[in-house]
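Here's a quick look at a few backbone and packing details.

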Amino acid sequence: MKNYHSVSDSSMEDKTNGSADTKSPVENGQLPDPANWGVADVVNYFKATGFEEQATAFQDQEIDGKSLLLMTRNDVLTGLSIKLGPALKIYEYHVKPLQTQHLKSNAS
């Protein structure tokens with residue numbers, strides 16, 4: 001399993017549901033590439049980013065890294081059966097940036 005750290009752990013403690021100024025955990029200065037993550041890695045990622053309650057939805061729906069990279073905004077907002085506020089933050093601050101980073105790292 002991977003260990004995720006925020007750029008600024010203290011700012012993450014002051015905010016809830018992953019809305020800290022640094023939106024995503026980083027690994028060696030970059031967002032981690034979830035292409036090889038298992039379901040447990042995805043769940044742990046969202047727990048580590050302040051979505052402890054919502055992380056179980058990824059477990060229930062068996063979302064692994066490859067599935068995460070394929071998710072659309074609509075999938076996150078409606079397919080996971082989580083509240084709209086957290087779902088919007090999960091997609092905008094986590095899913096979309098992970099997808100963008102994955103595409104950039106595999107564009108060569």
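## E62 and its loop

E62 sits in the loop that links α3 and α4 (65-70); helices here are DSSP runs of H or I with at least four residues, strands are E runs of at least two, and both are numbered from the N terminus. Its phi is positive, about 55°, even though E62 is not a glycine. For context, most residues other than glycine have a negative phi. E62 is also exposed, at 60% relative accessible area (exposed is over 50%, buried under 20%, partly exposed in between, with a 1.4 Å probe and protein chains only).

This is a predicted model, so local features need pLDDT of at least 70 and side-chain atom pairs 80 or more, while totals for chains, interfaces and linings use all residues. Residues are numbered from 1 along each chain as its sequence is written, and side-chain values use heavy atoms, leaving out hydrogens and water.

## S81

S81 is another non-glycine residue with a positive phi, near 55°. You'll find S81 in the loop between α5 (73-79) and α6 (84-105), exposed with a relative accessible area of 67%. Its C-alpha is 9.1 Å from that of Q54, 27 residues away along the chain.

## The nonpolar core

The largest nonpolar core has 21 residues, and F46, F58 and L68 touch the most other members. Such a core is a set of buried Ala, Val, Leu, Ile, Met, Phe, Trp, Tyr and Cys residues joined through side-chain atoms within 4.5 Å. Two or more residues each come from α2 (39-48), α3 (52-60), α5 and α6, with α6 giving the most, 5 residues.

Leaving out residues up to four places away in sequence, F46 touches residues including F58, L68, I90 and V95 (contact means heavy atoms within 4.5 Å).
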